[in-house]
Amino acid sequence: MRASDRAYSALRSEILEWHLAPGTVLGEVEQAARLGVSRTPVREALARLSADGLVESLPGRGVVVAEASADSAAELFEVRIALETQAAALAAQRRDPVVFERLREEFAGAAGLIADPDRSAYYELVARFDRAVDDAATNTYLVSALTGLRTHLARLRRVAQDNPQRLAAAAREHLLIVEAILAGDVDLARSATAVHLHNSLSTIIDAADSGRFAAPISPAHQTNPAHQIDRTA
């Protein structure tokens, strides 16, 4: 893997996992030293992250991790609701029953996955649900638009990771969507998806109101000036 690819992958993962919080300054020199690469790969990685919308350049501060606020989440969900409800409706018309039968069984038993403190298996189940709906929709342009959104959605989803009650409710909502798609019920698939997304956005807004968007930086990052956040900005 090229040095720029390694730098991009590492920084992207840290942003999505909130190890690099919104507003964190990403200086080339500091990041190059931390990641063990030269400045050029870091510069290339930051350019790619900027194209993804995960970092931005601010006058007097340089490149910083882009904000993840309730306002930006609301704008994102306006687009997400339009796209995902349509994808679910198309999936209900074009689905492979075998695929969604399997997903129905897995979501019916999702409580065990959520009870696991790691929860990685549950998040992988949700990712496979997304892929199954995308594949069933068979609309290249729709899937391409959703792919661009999901980079940002991955970061927002982590806000709910410490809320097992919300995760359990989300699993039930996913199960209803799967059952609607499996039954070929276009209207129910669309409305169940809309309800799920409404509840997801409400969780994110509640997290913002309670201050959980200001996620703490891990100790490893607190010692590095590149990760200091200007709280006065």
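Visitor: What share of the contacts in the protein with a separation of 6 or more comes from residues 24 or more positions apart?

Guide: The protein has 233 residues, of which 43% count as buried. Among its contacts with a separation of 6 or more, the share that joins residues 24 or more positions apart is 75%.

Visitor: In which helix is confidence lowest?

Guide: Over the protein the mean pLDDT is 87, with 88% of the residues at 70 or more. Helix H5 (residues 97-108) has the highest confidence, at 98, while the lowest mean, 36, belongs to a helix spanning residues 219-222. The pLDDT is below 50 over residues 215-233, a stretch that has 35 contacts in the model beyond near neighbours in sequence. Where pLDDT is low, the predicted coordinates should not be read in detail, and the helix with the lowest confidence is H11.

Visitor: Are H1 and H3 parallel, antiparallel, perpendicular or oblique to each other?

Guide: The axes of helix H1 (residues 3-16) and helix H3 (residues 39-52) come within 8 Å, and they cross at roughly 50 degrees. Angles under 35 degrees count as roughly parallel and those from 65 to 115 as roughly perpendicular, and the relation of H1 to H3 is therefore oblique.

Visitor: How do the residues of the contact of H1 with H3 divide into nonpolar, polar and charged?

Guide: H1 passes H3 in a right-handed crossing. On the H1 side the contact includes Tyr8, Leu11, Arg12 and Ile15, which meet a set in H3 that includes Glu44, Leu46, Arg48 and Leu49. By class, the residues of the contact of H1 with H3 are 9 nonpolar, 1 polar and 5 charged.

Visitor: Is H7 roughly parallel or antiparallel to H8?

Guide: Helix H7 (residues 120-137) packs with helix H8 (residues 140-157) at an angle of about 165 degrees, and their axes are 12 Å apart. Angles over 145 degrees count as roughly antiparallel, so the orientation of H7 to H8 is roughly antiparallel.

Visitor: How many charged residues does the contact of H7 with H8 have?

Guide: The crossing of H7 and H8 is right-handed. Val126, Asp130 and Asp134 in H7 meet Val143, Leu146, Arg150 and Arg157 in H8. Beside 3 nonpolar and no polar residues, the number of charged residues in the contact of H7 with H8 is 4.

Visitor: Is Trp18 buried or exposed?

Guide: Trp18 lies in the loop between H1 and helix H2 (28-35), and has a positive phi of about 70 degrees although it is not a glycine. Most residues other than glycine have a negative phi. Because a relative accessible area under 20% counts as buried, the 7% of Trp18 makes this residue buried.

Visitor: Is Thr138 buried or exposed?

Guide: Thr138, in the loop between H7 and H8, is not a glycine and has a positive phi of about 45 degrees. The relative accessibility of Thr138 is 55%, so this residue counts as exposed.

How values were computed:
Residues are numbered from 1 along each chain as its sequence is written. This is a predicted model: local features need pLDDT of at least 70, side-chain atom pairs count only at pLDDT 80 or more; totals for chains, interfaces and linings use all residues. Side-chain values use heavy atoms; hydrogens and water are left out. Axes are lines fitted to C-alpha atoms, for helices over the stretch in contact, and angles run from 0 to 180 degrees between N-to-C directions. Helices (H or I, at least four residues) and strands (E, at least two) are DSSP runs, numbered from the N terminus. A crossing is left-handed if the near helix is turned anticlockwise from the far one by less than a right angle, and right-handed if clockwise. Contact means heavy atoms within 4.5 Å. Ala, Val, Leu, Ile, Met, Phe, Trp, Tyr, Cys and Pro count as nonpolar, Asp, Glu, Lys and Arg as charged, and the others, Gly among them, as polar. pLDDT is the predictor's confidence in each residue, from 0 to 100. Buried means under 20% relative accessible area, exposed over 50%, partly exposed in between (1.4 Å probe, protein chains only).
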